[in-house]
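Hi everyone, thanks for making time today. I'd like to walk you through a structure that may be new to you, so let's get it up on the screen.

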Amino acid sequence: NAQGANGDVTFLINPGTYNGQYSLGTIPGSPGNIHVRSVMNDAATVTLEFDAAFPLPNHIIELNGTPNVKFEDITFHALNNDRARIIHFTGDADYLKLWDCVFIGSQSTSTNSYFDRVLVHCDQNNINTPNNPDYLQVLNCDFRYGYQGIELDAEGNSGARAQGIMIAENRFEDQLSLGITVNNATGEIAKNFITTSGGNSYTGIRTSYFDNGSKIHRNTIQAHATLFGCTGIEAGNTQNTTGNQIHNNMVTVSASSAEVWGIGVYNLWDMSIIWNSVVVTGGGASSKAFYHLSNFADAQNCVIRNNIFVNYADGPALQTTVPGNKIGRASCRERVSS
């Protein structure tokens, strides 16, 4: 931070557990790629941990306007029960790469100040500037506990988007309320395994203004909420863009008593929802395997085709709230019993 860098820099971390906080801002000079990894190429050998008790900053790693940073083969462990954010990044943190890492968060069941327990968090939208972090890669990582695994809140003013994100082949296990949230971005959410058995108003994948040809595909979601409802995939606000897809996902969801949605969508333009297998195994009487919840006709150039929607709860396999939104063709089985 003080002296700067010219060219690539690699930090090799010897085996052990290290307690502390680390931050990078704009690096003077002409830095290239900044690579931080276990010298053993094994996340089990290196742990970065910290207890971010108030009034300390709530992070283990903070990036503010630092591009081309890569963390690989590292375990991160947030020790505080209430303030357990692990990586916090804002401001042109382009090409951030998180590869083969483990993120362990709080096991608190509180719903207060939830953003303090997001494991990987970008809150660019809160600082209201358009310099979004582009080309984020989160690949082959494990996310354990926490209120939420990933929340990317990019700035969307005047159509701004965080470009080219890739969240793929990760495992999200036992988050309290959310696996992945992406707002105001383009890219892919693919081949993730998302599971919880004790969710509280739980959603596996939630996107808004994830558009311009973005795709949610080949994810497996197995989720049960013991409190309130449960949703597999929720997606909306793709207006005036083309090529958006939700395809080849396998979703199994349930709740102890509240309403369940397998896939819930709203405010759609040019969205293809194809080849998904969605099963509601239990929940409230108003549960739906597929739910188009917009209260106005918004299904321009959208299609639902070649899906399997199964609902074992007392509700429909497919429901739209506006007759004009019965889009495309749906292959569905309604209220199937065992």
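Before we look around, one term: a residue is called buried when its relative accessible area is under 20%. Please also keep in mind that this is a predicted model.

Let's start with phenylalanine 143, whose relative accessible area is 0%, so it counts as buried. Phenylalanine 103 also comes out at 0% and is therefore buried. The ring centres of phenylalanine 103 and phenylalanine 143 are 4.8 Å apart with planes at 15°, so this pair is stacked. Phenylalanine 103 belongs to strand S11 and phenylalanine 143 to strand S14, so the pair ties together parts 40 residues apart in sequence.

What else joins in? One aromatic cluster takes in Phe71, Phe76, Phe103, Phe143 and Phe172. Overall, the count is 9 aromatic pairs. One of them is phenylalanine 76 with phenylalanine 103, stacked at 5.2 Å centre to centre and 10° between the planes.

Now for the strands. S1 and S4 run parallel, joined by 8 bridges, and isoleucine 13 has serine 38 in S4 as its bridge partner. S4 is also parallel to S7, with 4 bridges between them; there, arginine 37 stands opposite glutamate 72.

Last stop: arginine 85, in the loop between strands S8 and S9.

Key. Residues numbered from 1 in each chain as written. Predicted model: local features only at pLDDT ≥ 70, side-chain atom pairs only at ≥ 80, totals over all residues. Heavy atoms only, no water. Helix = DSSP H or I, 4+ residues; strand = E, 2+ residues; numbered from the N terminus. Pairing = 2+ DSSP bridges. Phe/Tyr/Trp six-rings, centres within 6.5 Å; stacked < 30°, edge-to-face > 60°. Buried < 20%, exposed > 50% of the residue type's maximum accessible area, 1.4 Å probe, protein only.
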